[in-house]
Amino acid sequence: MSHEDQQGSLPVRSEEDVVVTRQKVRVLTQQLKFSLVDQTKMITAASELSRNTLVHGGGGQMRWEIVEEGVRRGLRLHFEDEGPGIVDLGLALTDGYTTGGGMGLGLPGSRRLVHDFDVRSAPGSGTCVSITRWK
């Protein structure tokens, strides 16, 4: 992979952008030689979080980076918006909590699909969800 392929970003401002982010994650996981199951988990999480960025955050971006930690390589994705933020993060991370739409996975479902999961959000200042899946 060239340096340009090590990191980048895509807008998440429309349904078409959600499809493009999913396609990009598919390509990146294939380049990293993730198993089909691991590809599917990362693509599913990315799809859910892209949709959250669009629907709940009013749009934003997905940033990606290829990460290395010792002998491990992985893919880290950041979904960032400048929307209203998450009022009750604890509730949003509870299984079964939904505000409608999406695949119904929500944040807890996405968290189960990846190895590392982090949410930074505050009312009025947007949200950033970062996920990593290691090969």
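Modeller: Five strands build an open sheet, ordered E1-E2-E3-E5-E4, with antiparallel pairing. Strands are DSSP runs of E with at least two residues, helices are runs of H or I with at least four, and both are numbered from the N terminus. This is a predicted model, where local features need pLDDT of at least 70 and side-chain atom pairs count only at pLDDT 80 or more, while totals for chains, interfaces and linings use all residues. Residues are numbered from 1 along each chain as its sequence is written, and side-chain values use heavy atoms, leaving out hydrogens and water.

Biologist: What makes E1 and E4 stand at the edges?

Modeller: Strand E1 (7-12) and strand E4 (116-121) each have a single partner strand, so one side of each lacks a neighbour in the sheet.

Biologist: How do you know that E3 and E5 pair?

Modeller: Pairing requires that DSSP finds at least two bridges between two strands. Strand E3 (residues 72-81) and strand E5 (residues 127-134) have eight, in the antiparallel sense, so they pair.

Biologist: Now to Gly59, in the loop between helix H2 (36-55) and strand E2 (60-69). Why is Gly59 called buried?

Modeller: Its relative accessibility is 5%. Buried means under 20% relative accessible area, exposed over 50%, and partly exposed in between, using a 1.4 Å probe and protein chains only. Gly59 therefore counts as buried.

Biologist: What makes Glu80 a residue that Gly59 touches?

Modeller: Contact means heavy atoms within 4.5 Å. Glu80 is among the residues Gly59 touches, as are Val12 and Thr53, with residues up to four places away in sequence not counted.
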